Amino acid sequence: MDKSVQNPQNVVAMSRNVSQSGYSPLAQVEAYWEGLRGGRLMPNRAEIDPRGIENALEYAFIVERIAPGIARLRIAGSHLSDLMGMEVRGMPLTSFINPSSRRQVGDLLEEVFETPACCTLRLSSPAGAGAPAIDARMLLLPLKSDLGDVSRILGALVAVGDMGRGPRRFDIAGSAMRPIVAGTVTPARADTAPEKPTHAGLPAKTDPAPGFGDAAAPFRSQRPPRPAKGRPHLRLVKSDD
């Protein structure tokens, strides 16, 4: 369900601004996921290749659904560990969220898994002892497991500004949910229009549009034309003088 219909005051169209300075890793991860998805509902977990998002790896993560509203970090970039001041693999994704907002994050995770849908969250962390106020963005993109169920999420978390002393936890300042429809490819937005990547993150080859191919040219020999048959150009004259 599109939350913008229910509560427009609490929804911010964050995807239009992710390519601004500091938040471009979100656009890179989303473009990679869209490239893998094609016209399907979503890619498979096994298709994710770190080389495809190497410029955003420190912000990227993969979580596994272990219970309704609970997802555990299986893979996490160094930026996430820096925010918490410790290794975060194996921790719930809600570890980055203040207790008052964790229920809301759990509901958003369930909507990403069940709809399925893509979700972007706008986050804020208030100032504290040795920790200035900072803003962050989180992106959640569903994946299928090896068993075919929707139980994984490819995501990214980017905090902009001086992190200060960890751990840093955030409140939800807004969210945007985008349901996924099979058989369609989401049009590239003006701020997220890199070339469509393949599984290795390289530009995909595209087939020429039908009807625009040139017709094959007929074969023509490169030999010079033979002289026409008839009187020869030279005659041998024999003389006994």
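How far apart are the end C-alpha atoms of helix α4 (residues 99-114), and what span should its 16 residues have? The views below come from a predicted model.

**View 1. Helix α4, end to end.** The end C-alpha atoms of α4 are 23 Å apart. At 1.5 Å a residue, the 16 residues of this helix should span 22 Å, so the two values agree. Part of α4 is buried: Ser101, Val105, Gly106, Leu108, Leu109, Glu110, Glu111, Val112 and Phe113.

**View 2. Strand β4 and its two partners.** Strand β4 covers residues 134-144. Nine of its 11 residues are buried, so the rest of the structure largely encloses this strand. Strand β3 (residues 117-125) runs antiparallel to β4, and seven bridges join the two. In this pairing, leucine 121 stands opposite methionine 138. Strand β5 (residues 150-160) also runs antiparallel to β4, joined by 10 bridges. Here alanine 136 stands opposite alanine 159.

**View 3. The β4-β5 hairpin.** Five residues lie between the two strands of this hairpin. Glycine 148 takes a positive phi near 95°.

**View 4. The largest nonpolar core.** This core has 33 residues. Phe61 and Leu140 have the most contacts inside it. Strands β1 (60-67), β2 (70-76), β3, β4, β5 and β6 (171-179) each supply at least two residues, as do helices α3 (78-84) and α4. Helix α4 gives the most, with five residues. Another core, of 21 residues, lies apart from this one; among its members are Leu26, Val29, Ile62 and Leu143.

**View 5. Around leucine 140.** Which residues are in contact with leucine 140, leaving aside its neighbours within four places in sequence? They are Phe61, Leu93, Leu109, Val112, Ala117, Cys118, Cys119, Leu121, Ile153 and Leu154.

**View 6. Arginine 152 in strand β5.** Arginine 152 is found in strand β5. Is this arginine buried or exposed? Its relative accessibility is 17%, so arginine 152 counts as buried; the cut-off is under 20%. The side chain of arginine 152 makes a polar contact, at 2.9 Å, with the side chain of serine 151. Beyond its neighbours within four places in sequence, arginine 152 is in contact with Arg45, Val63, Glu64, Arg74, Phe113, Leu141, Pro142, Leu143 and Ser145.

Note on methods. Residues are numbered from 1 along each chain as its sequence is written. This is a predicted model: local features need pLDDT of at least 70, side-chain atom pairs count only at pLDDT 80 or more; totals for chains, interfaces and linings use all residues. Side-chain values use heavy atoms; hydrogens and water are left out. Buried means under 20% relative accessible area, exposed over 50%, partly exposed in between (1.4 Å probe, protein chains only). Helices (H or I, at least four residues) and strands (E, at least two) are DSSP runs, numbered from the N terminus. Two strands pair if DSSP finds at least two bridges between them. The expected span of a helix is 1.5 Å times one less than its number of residues. A nonpolar core is a set of buried Ala, Val, Leu, Ile, Met, Phe, Trp, Tyr and Cys residues joined through side-chain atoms within 4.5 Å. Contact means heavy atoms within 4.5 Å. A polar contact is a pair of N or O atoms within 3.5 Å; within protein, one must be able to donate a hydrogen and the other to accept it, and residues adjacent in sequence count only if both atoms are side-chain atoms.
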